[in-house]
Amino acid sequence: MRILVTGSTGQLGSALLKQLKGLDYQVKITSRRKPEGVDFTWVYSDLLSGEGLEEAVKDVDVIIHAATSPIKNSKSIEVDGFEKLLSKLHHIKLFIYPSIVGIEEIPFKYYKLKYKAEELLKNSSVPYTIARATQFHSFVENLFLSKPFFKRYIVPRKIKFQSVDVNEFARHLIDLVNKGPQGKLDDFCGPEIRTLREMAELKIKVNNETNDVLGIPFSGKLYNSLIEGKNTNPMQKKGMITYEDYLRNKLN
Ligand SMILES: NC(=O)c1ccc[n+]([C@@H]2O[C@H](COP(=O)([O-])OP(=O)(O)OC[C@H]3O[C@@H](n4cnc5c(N)ncnc54)[C@H](OP(=O)(O)O)[C@@H]3O)[C@@H](O)[C@H]2O)c1
């Protein structure tokens, strides 16, 4: 089986490459930058310009599409570039599309684009599996809890996450390779739902920090959707590694 991983320098892409090493697949990888220390065949491609896409998708059976651009040129890449990519996939046996839990109910531009991409895939002739996950532990940490401000983590009050370990999600995606097209799967979510405030307090405890947490109220539809937990799914706690485990593993 010949697999192409797009977005090979990203969080998910890197986790996929680590786990594909040693498995009995012929792996090709693509991104604009070449990842360091990786033995797989790398091909340059750019979803914005379309350059290199033909070469990247040539001679592969399965694609795990981990390329994404949430902020810069997001529509051109998530939707237009994605459509261009799909038009080159007549030979593909399976296209695995990692997506995000609750995107149709959360008013955030990137999520709207991901939902549009899901619809494009569903309406295409490409055999697909859509696998939605909750936010990765590292994503939540990097976005909200990377640095305290004057010894305080400032967090939007009451918003919740059910973050999941990126390596567990990568394993889930690799397990899908041999299952053939499954359509849209049940969500793949982290083991617990926590407020961002609780996650900040955990970080302080695990790292023995002297910092504090300040929760501040926000308003707006996006904020409300995260308070309501639209980005979570308590019925689909599939991951085993908690946010606390993730923080402790980082210390080792
Ligand atoms: N992050 C999360 O919490 C989370 C949760 C659930 C699902 N997901 C989904 O998982 C997937 C991967 O997310 P991630 O967080 O791993 O993303 P990421 O770390 O931001 O990585 C994005 C990858 O896309 C590549 N890329 C960016 N622009 C490109 C372009 N114009 N052409 C080709 N490649 C380009 C980047 O490599 P170069 O810059 O080298 O090209 C990089 O390898 C996405 O579909 C995302 O929606 C993410």
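**Figure 1. The largest nonpolar core of this predicted model holds 29 residues.** A nonpolar core here is a set of buried Ala, Val, Leu, Ile, Met, Phe, Trp, Tyr and Cys residues joined through side-chain atoms within 4.5 Å. Buried stands for under 20% relative accessible area, exposed for over 50%, and partly exposed for the range in between, with a 1.4 Å probe and protein chains only. Ile3, Leu12, Leu16, Leu20, Ile96, Phe169 and Leu173 touch the most other members. At least two residues of this core come from each of β1 (2-6), α1 (11-20), β2 (26-31), β4 (62-65), β5 (94-100), β6 (128-133) and α6 (166-176). Helix α6 gives the most, with 6 residues. Helices (H or I, at least four residues) and strands (E, at least two) are DSSP runs, numbered from the N terminus. Apart from this core lies another one of 25 residues, with Ile63, Leu85, Phe95 and Ala117 among them.

A word on the model itself: it is predicted, so local features need pLDDT of at least 70 and side-chain atom pairs count only at pLDDT 80 or more, while totals for chains, interfaces and linings use all residues. Residues are numbered from 1 along each chain as its sequence is written, and side-chain values use heavy atoms, with hydrogens and water left out.

**Figure 2. Here we look at phenylalanine 169 and its contacts.** Contact means heavy atoms within 4.5 Å. Leaving out residues up to four places away in sequence, Phe169 touches Leu12, Pro98, Ala131, Arg132, Ala133, Phe136 and Phe188.

**Figure 3. The ligand sits in a shell of 27 residues.** The closest are Thr9, Leu12, Leu47, Tyr110 and Lys114. By type, the shell divides into 12 nonpolar, 11 polar and 4 charged residues. Helix α1, strand β5 and helix α4 (109-122) each supply at least two shell residues, and the largest share, 3 residues, comes from β5.

Figure 4. On its own the ligand has 890 Å² of accessible area, and the protein covers 90% of it. Accessible areas come from the Shrake-Rupley method with a 1.4 Å probe; for residues, only the protein chains shown count as cover.

**Figure 5. Serine 31, in strand β2, makes polar contacts with serine 8 and tryptophan 42.** A polar contact is a pair of N or O atoms within 3.5 Å; within protein, one must be able to donate a hydrogen and the other to accept it, and residues adjacent in sequence count only if both atoms are side-chain atoms. The side chains of Ser31 and Ser8 are joined at 2.8 Å, and those of Ser31 and Trp42 at 3.2 Å. Serine 31 counts as buried because its relative accessibility is 7%. Beyond four places in sequence, Ser31 touches Ser8, Thr9, Trp42, Val43, Tyr44 and Ser45.

**Figure 6. Glutamine 19 belongs to helix α1.** Its relative accessibility is 15%, so Gln19 counts as buried. Setting aside neighbours within four places in sequence, Gln19 is in contact with Asn167, Ala170, Arg171 and Ile174. Glutamine 19 and alanine 170 are 151 residues apart in sequence, yet 7.7 Å apart in space, C-alpha to C-alpha.

**Figure 7. Alanine 56 is part of helix α2 (residues 53-57).** With a relative accessible area of 1%, Ala56 is buried. Apart from neighbours within four places in sequence, Ala56 is in contact with Leu4, Lys28, Thr30, Val43 and Ser45.

**Figure 8. Asparagine 73 has a positive phi although it is not a glycine, and so does lysine 151.** For Asn73, in the loop between β4 and α3, phi is about 50 degrees. For Lys151, in the loop between α5 (137-144) and β7 (152-156), phi is about 65 degrees. Asn73 is partly exposed at 36% relative accessible area, and Lys151 is partly exposed at 48%.

Key
Near = heavy atom within 4 Å. Nonpolar A, V, L, I, M, F, W, Y, C, P; charged D, E, K, R; others polar.
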